[in-house]
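Welcome, and thank you for taking a look at this protein chain with me. Please open the sequence and the structure side by side, and we will walk through them step by step.

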Amino acid sequence: MKKIKIRPVWLLDVLSFSNRAKQRKKRIEKTKEAPVRADYSINRLAGELHPEQLCLVVRDCVSFEEAQGTLFTLSRKGGGPLPVFEAGQYLTFTFAIGESLLSRSYSICSSPREAREGFYRIYVREGPDSFAAGWIRKNWKSGAELKAHGPNGTFTMRPLRDEKQILALAGGSGITPFVSMAKAIRDGLADFCLTILYGARTAAQMPFLGKLREISEKCPLIRVVPVLSDVRDHDAPDGFETGWIGEDMVRKYMPQGPFSLFFYGPRPMYELACQTAGALGLKRKNLRYESFGLSSDDKANGNGSCRVRVLLPDGEELELVAQRNESLLVAFERGGIAVRSGCRSGSCGFCRCRVLQGEYQIQESEKARRRADSEHSYVHTCVCFPRTDLCVALD
Ligand code: FES
(Lines give C-alpha, C1' and ligand atoms only; values in the text may rest on other atoms or scores of the structure.)
Protein backbone atom coordinates (compact mmCIF):
# COMPACT_ATOMS: atom_id res chain seq x y z
CA MET A 1 0.00 0.00 0.00
CA LYS A 2 1.29 3.42 -0.94
CA LYS A 3 2.14 5.66 2.02
CA ILE A 4 0.68 9.13 2.02
CA LYS A 5 3.14 11.72 3.24
CA ILE A 6 1.68 14.52 5.28
CA ARG A 7 3.98 17.51 4.99
CA PRO A 8 4.21 19.88 7.92
CA VAL A 9 2.90 22.80 5.90
CA TRP A 10 1.72 24.59 9.01
CA LEU A 11 5.31 24.61 10.31
CA LEU A 12 6.51 26.38 7.13
CA ASP A 13 3.75 28.93 7.59
CA VAL A 14 4.80 29.64 11.14
CA LEU A 15 8.48 29.99 10.13
CA SER A 16 7.72 32.26 7.22
CA PHE A 17 5.47 34.41 9.40
CA SER A 18 8.04 34.73 12.19
CA ASN A 19 10.73 35.72 9.64
CA ARG A 20 8.60 38.31 7.94
CA ALA A 21 9.67 41.27 10.11
CA LYS A 22 13.39 40.42 9.64
CA GLN A 23 13.01 40.09 5.86
CA ARG A 24 11.14 43.37 5.62
CA LYS A 25 13.82 45.15 7.62
CA LYS A 26 16.53 43.76 5.29
CA ARG A 27 14.63 44.92 2.22
CA ILE A 28 14.20 48.41 3.68
CA GLU A 29 17.94 48.62 4.43
CA LYS A 30 18.80 47.62 0.86
CA THR A 31 16.44 50.18 -0.68
CA LYS A 32 18.15 53.12 -2.38
CA GLU A 33 17.16 56.57 -1.27
CA ALA A 34 15.42 57.68 -4.41
CA PRO A 35 12.23 59.70 -4.74
CA VAL A 36 9.11 57.67 -5.45
CA ARG A 37 8.41 57.59 -9.19
CA ALA A 38 5.45 59.67 -10.19
CA ASP A 39 5.11 58.38 -13.74
CA TYR A 40 3.98 54.78 -13.36
CA SER A 41 2.02 53.89 -16.46
CA ILE A 42 -0.80 52.52 -14.30
CA ASN A 43 -1.15 55.97 -12.68
CA ARG A 44 -1.17 57.61 -16.09
CA LEU A 45 -3.91 55.23 -17.22
CA ALA A 46 -5.92 55.80 -14.03
CA GLY A 47 -5.62 59.57 -14.54
CA GLU A 48 -6.85 59.21 -18.11
CA LEU A 49 -9.77 56.97 -17.14
CA HIS A 50 -10.78 58.88 -14.00
CA PRO A 51 -9.57 62.47 -14.35
CA GLU A 52 -10.13 64.87 -11.46
CA GLN A 53 -11.87 67.21 -13.85
CA LEU A 54 -13.04 66.93 -17.44
CA CYS A 55 -12.84 69.88 -19.82
CA LEU A 56 -15.61 69.33 -22.35
CA VAL A 57 -16.86 71.25 -25.36
CA VAL A 58 -20.43 71.28 -26.69
CA ARG A 59 -20.21 69.74 -30.16
CA ASP A 60 -23.85 70.18 -31.03
CA CYS A 61 -27.24 70.57 -29.42
CA VAL A 62 -30.68 69.53 -30.62
CA SER A 63 -33.71 71.12 -29.03
CA PHE A 64 -37.02 69.29 -28.53
CA GLU A 65 -39.39 72.19 -27.98
CA GLU A 66 -42.51 70.23 -27.06
CA ALA A 67 -40.59 68.13 -24.59
CA GLN A 68 -38.78 71.25 -23.33
CA GLY A 69 -35.47 69.48 -23.52
CA THR A 70 -32.14 69.67 -25.32
CA LEU A 71 -29.86 66.82 -26.32
CA PHE A 72 -26.19 67.85 -26.04
CA THR A 73 -23.27 66.07 -27.69
CA LEU A 74 -20.06 66.74 -25.78
CA SER A 75 -16.47 66.00 -26.67
CA ARG A 76 -13.16 66.46 -24.89
CA LYS A 77 -11.56 69.87 -25.31
CA GLY A 78 -8.72 69.21 -27.75
CA GLY A 79 -10.35 65.96 -28.94
CA GLY A 80 -9.56 62.32 -28.18
CA PRO A 81 -11.33 59.46 -26.41
CA LEU A 82 -13.28 60.15 -23.23
CA PRO A 83 -13.18 58.18 -19.97
CA VAL A 84 -15.19 54.99 -20.18
CA PHE A 85 -18.33 54.58 -18.10
CA GLU A 86 -20.99 52.02 -17.30
CA ALA A 87 -24.44 52.49 -18.78
CA GLY A 88 -26.52 54.21 -16.09
CA GLN A 89 -23.78 56.55 -14.84
CA TYR A 90 -23.88 60.35 -14.89
CA LEU A 91 -21.66 63.40 -15.29
CA THR A 92 -21.68 66.30 -12.84
CA PHE A 93 -21.24 69.80 -14.26
CA THR A 94 -20.17 72.81 -12.22
CA PHE A 95 -20.93 76.35 -13.31
CA ALA A 96 -21.89 79.78 -11.98
CA ILE A 97 -25.12 81.66 -12.56
CA GLY A 98 -24.74 85.16 -11.13
CA GLU A 99 -23.60 84.76 -7.50
CA SER A 100 -24.69 81.12 -7.31
CA LEU A 101 -22.23 78.27 -7.70
CA LEU A 102 -24.15 75.31 -9.03
CA SER A 103 -23.54 71.71 -9.85
CA ARG A 104 -25.94 69.51 -11.75
CA SER A 105 -25.73 65.87 -12.74
CA TYR A 106 -27.10 64.39 -15.93
CA SER A 107 -27.19 60.72 -16.90
CA ILE A 108 -25.23 59.87 -19.99
CA CYS A 109 -27.60 58.67 -22.71
CA SER A 110 -25.01 57.55 -25.26
CA SER A 111 -23.35 54.14 -25.43
CA PRO A 112 -20.16 53.42 -23.44
CA ARG A 113 -18.60 52.53 -26.83
CA GLU A 114 -19.18 56.09 -28.04
CA ALA A 115 -17.07 57.49 -25.18
CA ARG A 116 -14.00 55.84 -26.73
CA GLU A 117 -15.07 57.32 -30.07
CA GLY A 118 -14.86 60.73 -28.42
CA PHE A 119 -18.32 61.82 -27.34
CA TYR A 120 -20.95 61.67 -24.60
CA ARG A 121 -24.59 62.65 -24.95
CA ILE A 122 -26.71 64.11 -22.18
CA TYR A 123 -30.29 65.34 -22.18
CA VAL A 124 -31.37 68.38 -20.17
CA ARG A 125 -35.07 68.86 -19.57
CA GLU A 126 -36.56 72.05 -18.22
CA GLY A 127 -39.24 71.43 -15.59
CA PRO A 128 -41.62 74.08 -14.23
CA ASP A 129 -39.24 75.12 -11.39
CA SER A 130 -35.91 74.18 -12.92
CA PHE A 131 -33.75 77.23 -12.60
CA ALA A 132 -30.51 75.61 -13.80
CA ALA A 133 -31.95 73.57 -16.71
CA GLY A 134 -33.52 76.68 -18.29
CA TRP A 135 -30.23 78.54 -18.01
CA ILE A 136 -28.29 75.61 -19.49
CA ARG A 137 -30.63 75.31 -22.47
CA LYS A 138 -30.20 79.00 -23.20
CA ASN A 139 -26.46 79.27 -22.63
CA TRP A 140 -24.81 76.02 -23.66
CA LYS A 141 -24.36 76.51 -27.39
CA SER A 142 -22.01 74.78 -29.85
CA GLY A 143 -18.42 75.52 -28.85
CA ALA A 144 -19.24 76.32 -25.19
CA GLU A 145 -16.62 74.98 -22.77
CA LEU A 146 -17.84 73.05 -19.73
CA LYS A 147 -16.25 71.72 -16.54
CA ALA A 148 -17.43 68.33 -15.34
CA HIS A 149 -16.42 65.46 -13.12
CA GLY A 150 -17.30 61.80 -13.36
CA PRO A 151 -18.63 59.60 -14.81
CA ASN A 152 -20.00 58.42 -11.47
CA GLY A 153 -22.99 56.57 -10.12
CA THR A 154 -24.14 53.13 -9.08
CA PHE A 155 -27.38 52.92 -11.05
CA THR A 156 -25.87 50.27 -13.27
CA MET A 157 -26.60 46.62 -13.90
CA ARG A 158 -24.39 44.49 -11.60
CA PRO A 159 -24.37 40.89 -12.84
CA LEU A 160 -23.49 39.52 -9.39
CA ARG A 161 -26.37 41.26 -7.66
CA ASP A 162 -29.05 41.97 -10.27
CA GLU A 163 -31.18 39.47 -12.14
CA LYS A 164 -30.56 38.90 -15.86
CA GLN A 165 -33.99 40.35 -16.61
CA ILE A 166 -34.65 43.98 -15.83
CA LEU A 167 -37.97 45.75 -15.83
CA ALA A 168 -37.26 49.47 -16.10
CA LEU A 169 -39.78 52.12 -15.05
CA ALA A 170 -38.86 55.49 -16.50
CA GLY A 171 -40.64 58.77 -15.88
CA GLY A 172 -40.04 61.63 -18.36
CA SER A 173 -36.35 62.49 -18.60
CA GLY A 174 -35.68 59.51 -16.28
CA ILE A 175 -35.46 57.49 -19.50
CA THR A 176 -31.85 58.57 -20.14
CA PRO A 177 -29.93 55.88 -18.20
CA PHE A 178 -32.09 53.21 -19.85
CA VAL A 179 -31.31 54.61 -23.30
CA SER A 180 -27.64 54.13 -22.49
CA MET A 181 -28.31 50.57 -21.22
CA ALA A 182 -30.23 49.72 -24.41
CA LYS A 183 -27.33 51.01 -26.52
CA ALA A 184 -24.82 49.04 -24.43
CA ILE A 185 -26.85 45.85 -25.03
CA ARG A 186 -27.08 46.65 -28.76
CA ASP A 187 -23.29 47.16 -28.88
CA GLY A 188 -22.62 43.85 -27.14
CA LEU A 189 -21.23 45.55 -24.02
CA ALA A 190 -24.00 44.32 -21.72
CA ASP A 191 -25.88 41.08 -21.65
CA PHE A 192 -29.32 41.22 -20.06
CA CYS A 193 -32.98 41.52 -21.09
CA LEU A 194 -34.41 44.99 -20.71
CA THR A 195 -38.13 45.82 -20.77
CA ILE A 196 -38.77 49.55 -20.47
CA LEU A 197 -42.08 51.11 -19.42
CA TYR A 198 -41.49 54.64 -20.66
CA GLY A 199 -43.93 57.09 -19.07
CA ALA A 200 -44.65 60.68 -20.15
CA ARG A 201 -47.67 62.96 -20.40
CA THR A 202 -47.93 62.85 -24.21
CA ALA A 203 -46.09 61.20 -27.11
CA ALA A 204 -44.49 64.57 -28.00
CA GLN A 205 -42.72 64.44 -24.63
CA MET A 206 -40.88 61.23 -25.51
CA PRO A 207 -37.82 62.38 -27.48
CA PHE A 208 -36.12 58.98 -27.16
CA LEU A 209 -39.01 56.79 -28.24
CA GLY A 210 -38.00 56.62 -31.92
CA LYS A 211 -34.41 55.65 -31.11
CA LEU A 212 -35.48 53.03 -28.56
CA ARG A 213 -37.93 51.46 -31.01
CA GLU A 214 -35.25 51.35 -33.68
CA ILE A 215 -32.87 49.55 -31.28
CA SER A 216 -35.53 47.14 -30.03
CA GLU A 217 -36.53 46.15 -33.58
CA LYS A 218 -32.99 44.90 -34.15
CA CYS A 219 -32.27 43.55 -30.70
CA PRO A 220 -34.68 40.96 -29.21
CA LEU A 221 -33.28 41.54 -25.70
CA ILE A 222 -34.94 44.97 -25.57
CA ARG A 223 -38.64 45.82 -25.41
CA VAL A 224 -40.14 49.32 -25.07
CA VAL A 225 -43.68 50.13 -23.96
CA PRO A 226 -44.66 53.82 -24.10
CA VAL A 227 -47.22 54.88 -21.47
CA LEU A 228 -49.12 58.18 -21.77
CA SER A 229 -50.62 59.65 -18.61
CA ASP A 230 -52.52 62.60 -20.14
CA VAL A 231 -54.16 60.77 -23.05
CA ARG A 232 -57.40 58.80 -22.87
CA ASP A 233 -57.54 55.19 -24.04
CA HIS A 234 -59.42 55.87 -27.27
CA ASP A 235 -57.10 58.79 -28.24
CA ALA A 236 -53.88 56.80 -27.77
CA PRO A 237 -51.96 55.79 -30.90
CA ASP A 238 -51.43 52.07 -31.53
CA GLY A 239 -48.82 50.44 -29.37
CA PHE A 240 -49.23 52.93 -26.51
CA GLU A 241 -50.56 52.24 -23.03
CA THR A 242 -52.38 54.97 -21.12
CA GLY A 243 -52.59 55.93 -17.44
CA TRP A 244 -50.01 55.74 -14.67
CA ILE A 245 -47.38 53.05 -14.36
CA GLY A 246 -48.70 51.13 -11.38
CA GLU A 247 -49.05 47.57 -10.17
CA ASP A 248 -51.44 46.40 -12.93
CA MET A 249 -49.21 47.61 -15.73
CA VAL A 250 -46.10 46.16 -14.10
CA ARG A 251 -47.85 42.79 -13.72
CA LYS A 252 -48.83 42.92 -17.39
CA TYR A 253 -45.29 43.46 -18.67
CA MET A 254 -43.08 41.92 -16.00
CA PRO A 255 -40.78 39.18 -17.28
CA GLN A 256 -41.37 35.51 -16.50
CA GLY A 257 -39.02 34.33 -13.77
CA PRO A 258 -36.82 36.40 -11.50
CA PHE A 259 -36.25 40.03 -12.40
CA SER A 260 -34.93 43.29 -10.95
CA LEU A 261 -37.06 46.43 -10.99
CA PHE A 262 -35.10 49.56 -11.92
CA PHE A 263 -36.80 52.90 -11.39
CA TYR A 264 -35.68 56.36 -12.50
CA GLY A 265 -38.05 59.31 -12.45
CA PRO A 266 -39.80 61.97 -10.39
CA ARG A 267 -40.39 61.42 -6.69
CA PRO A 268 -44.18 60.85 -6.77
CA MET A 269 -43.63 58.11 -9.34
CA TYR A 270 -40.93 56.63 -7.11
CA GLU A 271 -43.48 56.28 -4.29
CA LEU A 272 -45.74 54.35 -6.67
CA ALA A 273 -42.81 52.13 -7.75
CA CYS A 274 -42.04 51.28 -4.10
CA GLN A 275 -45.66 50.31 -3.45
CA THR A 276 -45.62 48.16 -6.58
CA ALA A 277 -42.39 46.43 -5.54
CA GLY A 278 -43.98 45.73 -2.12
CA ALA A 279 -47.17 44.35 -3.70
CA LEU A 280 -45.12 42.04 -5.94
CA GLY A 281 -43.12 40.82 -2.96
CA LEU A 282 -39.79 41.75 -4.59
CA LYS A 283 -36.68 41.30 -2.50
CA ARG A 284 -35.11 44.58 -1.34
CA LYS A 285 -32.03 43.95 -3.50
CA ASN A 286 -34.24 43.62 -6.58
CA LEU A 287 -35.52 47.19 -6.35
CA ARG A 288 -33.00 49.71 -7.65
CA TYR A 289 -33.90 53.36 -7.94
CA GLU A 290 -32.88 56.95 -8.40
CA SER A 291 -35.38 59.77 -8.23
CA PHE A 292 -35.51 63.53 -8.44
CA GLY A 293 -37.74 66.32 -7.08
CA LEU A 294 -39.52 66.72 -3.76
CA SER A 295 -41.82 64.24 -2.06
CA SER A 296 -45.10 65.23 -0.40
CA ASP A 297 -43.27 64.77 2.91
CA ASP A 298 -40.61 67.34 1.99
CA LYS A 299 -43.24 69.80 0.85
CA ALA A 300 -44.98 69.30 4.20
CA ASN A 301 -41.87 70.70 5.87
CA GLY A 302 -43.57 74.05 5.29
CA ASN A 303 -42.73 77.44 3.94
CA GLY A 304 -40.64 80.06 5.60
CA SER A 305 -36.91 80.28 6.09
CA CYS A 306 -34.16 79.50 8.59
CA ARG A 307 -30.71 80.95 9.16
CA VAL A 308 -27.75 78.65 8.57
CA ARG A 309 -24.31 79.36 10.05
CA VAL A 310 -21.69 77.57 7.92
CA LEU A 311 -18.19 76.78 9.24
CA LEU A 312 -15.89 76.44 6.24
CA PRO A 313 -12.85 74.13 6.20
CA ASP A 314 -10.43 77.11 6.27
CA GLY A 315 -11.94 78.34 9.56
CA GLU A 316 -14.06 81.08 7.98
CA GLU A 317 -17.74 81.43 8.91
CA LEU A 318 -20.64 82.47 6.71
CA GLU A 319 -24.31 82.93 7.34
CA LEU A 320 -27.06 82.33 4.81
CA VAL A 321 -30.80 82.04 4.61
CA ALA A 322 -32.27 78.65 3.65
CA GLN A 323 -35.88 78.00 2.72
CA ARG A 324 -37.52 75.20 4.71
CA ASN A 325 -38.70 73.52 1.52
CA GLU A 326 -35.32 73.53 -0.20
CA SER A 327 -32.44 71.22 0.53
CA LEU A 328 -29.35 72.52 2.33
CA LEU A 329 -27.37 71.84 -0.83
CA VAL A 330 -29.56 74.23 -2.83
CA ALA A 331 -29.21 76.84 -0.06
CA PHE A 332 -25.40 76.52 -0.21
CA GLU A 333 -25.43 76.88 -3.98
CA ARG A 334 -27.62 79.97 -3.83
CA GLY A 335 -25.30 81.39 -1.20
CA GLY A 336 -22.27 80.90 -3.47
CA ILE A 337 -20.73 78.13 -1.33
CA ALA A 338 -19.12 75.49 -3.51
CA VAL A 339 -20.07 72.03 -2.25
CA ARG A 340 -19.23 69.03 -4.34
CA SER A 341 -22.29 67.04 -5.33
CA GLY A 342 -23.17 64.12 -7.58
CA CYS A 343 -26.41 62.17 -7.46
CA ARG A 344 -28.45 64.83 -5.59
CA SER A 345 -30.56 62.00 -4.21
CA GLY A 346 -28.67 60.96 -1.08
CA SER A 347 -26.64 58.07 -2.38
CA CYS A 348 -23.15 59.15 -3.55
CA GLY A 349 -22.05 60.94 -0.36
CA PHE A 350 -20.18 63.80 -2.10
CA CYS A 351 -22.29 66.49 -0.39
CA ARG A 352 -21.95 65.12 3.18
CA CYS A 353 -21.52 67.61 6.05
CA ARG A 354 -22.01 67.72 9.81
CA VAL A 355 -24.86 69.50 11.56
CA LEU A 356 -23.59 70.92 14.86
CA GLN A 357 -26.81 72.57 15.99
CA GLY A 358 -30.48 72.72 15.05
CA GLU A 359 -33.19 70.45 13.71
CA TYR A 360 -33.58 69.13 10.21
CA GLN A 361 -35.60 66.66 8.20
CA ILE A 362 -34.15 63.93 6.00
CA GLN A 363 -36.02 63.00 2.85
CA GLU A 364 -38.28 60.02 3.66
CA SER A 365 -36.68 57.59 1.22
CA GLU A 366 -33.16 58.38 2.43
CA LYS A 367 -33.67 57.71 6.12
CA ALA A 368 -31.53 54.60 5.90
CA ARG A 369 -28.41 56.60 6.74
CA ARG A 370 -25.34 54.80 8.03
CA ARG A 371 -25.64 54.38 11.79
CA ALA A 372 -22.36 56.19 12.39
CA ASP A 373 -23.62 59.15 10.33
CA SER A 374 -26.88 59.36 12.29
CA GLU A 375 -25.06 59.11 15.61
CA HIS A 376 -22.62 61.88 14.73
CA SER A 377 -25.14 64.09 12.89
CA TYR A 378 -23.62 63.76 9.44
CA VAL A 379 -26.14 64.42 6.69
CA HIS A 380 -26.24 64.39 2.93
CA THR A 381 -27.16 67.99 2.26
CA CYS A 382 -28.99 67.20 -0.99
CA VAL A 383 -31.74 65.36 0.96
CA CYS A 384 -31.64 67.39 4.19
CA PHE A 385 -34.20 70.15 4.83
CA PRO A 386 -33.83 72.69 7.69
CA ARG A 387 -36.57 72.82 10.34
CA THR A 388 -34.93 75.39 12.63
CA ASP A 389 -31.86 77.64 12.46
CA LEU A 390 -28.78 75.46 11.94
CA CYS A 391 -25.04 75.50 12.41
CA VAL A 392 -23.18 73.18 9.98
CA ALA A 393 -19.52 72.36 9.39
CA LEU A 394 -18.16 71.59 5.93
CA ASP A 395 -15.15 69.26 5.78
S1 FES B 1 -25.09 64.68 -4.00
FE2 FES B 1 -24.97 62.53 -3.74
S3 FES B 1 -25.43 62.27 -1.65
FE4 FES B 1 -25.78 64.36 -2.02
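Domain bounds here come from an automatic or database domain assignment. That assignment divides the chain into domain 1 (47–152), domain 2 (165–293) and domain 3 (300–393). To follow these numbers, note that residues are counted from 1 along each chain as its sequence is written. The model is predicted, and local features need pLDDT of at least 70, side-chain atom pairs count only at pLDDT 80 or more, while totals for chains, interfaces and linings use all residues.

Let us begin with the whole chain. Taken along the principal axes, its C-alpha atoms fill a box of roughly 80 × 70 × 50 Å. The C-alpha centres of domain 2 and domain 3 lie 32 Å apart. The chain holds eleven helices and 19 strands; here helices (H or I, at least four residues) and strands (E, at least two) are DSSP runs, numbered from the N terminus. How much of the chain is buried? Of its 395 residues, 35% count as buried. A residue is buried if 20 or more other C-beta atoms lie within 10 Å of its own, exposed if 12 or fewer, and partly exposed in between, with C-beta atoms placed from the backbone. Two residues are in contact if their C-beta atoms, placed from the backbone, lie within 7 Å. Among contacts between residues at least 6 apart in sequence, 71% join residues at least 24 apart.

Next comes an open sheet of six strands, in the order 4-3-6-1-2-5, with antiparallel pairing. Strand 4 (100–107) and strand 5 (120–125) are at the edges with a single partner strand each, so one side of each has no neighbour in the sheet. From one strand to the next, the twist averages 40°. Two strands pair if DSSP finds at least two bridges between them. Strand 3 (residues 90–97) and strand 4 run antiparallel and are joined by eight bridges; in one of them, I97 has S100 of strand 4 as its bridge partner. In general, strands of a sheet pair through backbone hydrogen bonds, either parallel or antiparallel.

Helix 4 (residues 131–139) lies across strand 2 (69–76), strand 3, strand 4 and strand 5, and runs at about 125° to strand 5. Axes are lines fitted to C-alpha atoms, for helices over the stretch in contact, and angles run from 0 to 180 degrees between N-to-C directions.

Where does I108 lie? It is in the loop between strand 4 and helix 3 (112–116). I108 is buried, because 29 other C-beta atoms lie within 10 Å. Leaving out residues up to four places away in sequence, I108 touches several residues, including F85, Y120, P151 and S180. P151 itself is found in strand 6 (residues 145–152), and the peptide bond from G150 to P151 is cis, with omega near -5°.

Most residues other than glycine have a negative phi, and most peptide bonds are trans. Q68, in the loop between strand 1 (54–64) and strand 2, has a positive phi near 55°. Q68 counts as partly exposed because it has 19 C-beta neighbours inside 10 Å. S377 lies in the loop between helix 11 (371–375) and strand 17 (378–380), with a positive phi near 60°. With 15 C-beta neighbours inside 10 Å, S377 counts as partly exposed.

Finally, visit strand 9 (residues 222–228). Five of its seven residues are buried, so strand 9 is mostly covered. Strand 8 (residues 193–200) runs parallel to strand 9, and seven bridges join them; one pairs I196 with V224 of strand 9. E241, in strand 10 (residues 241–242), touches V225, V227 and M249, not counting residues up to four places away in sequence. E241 is buried, with 20 other C-beta atoms within 10 Å.
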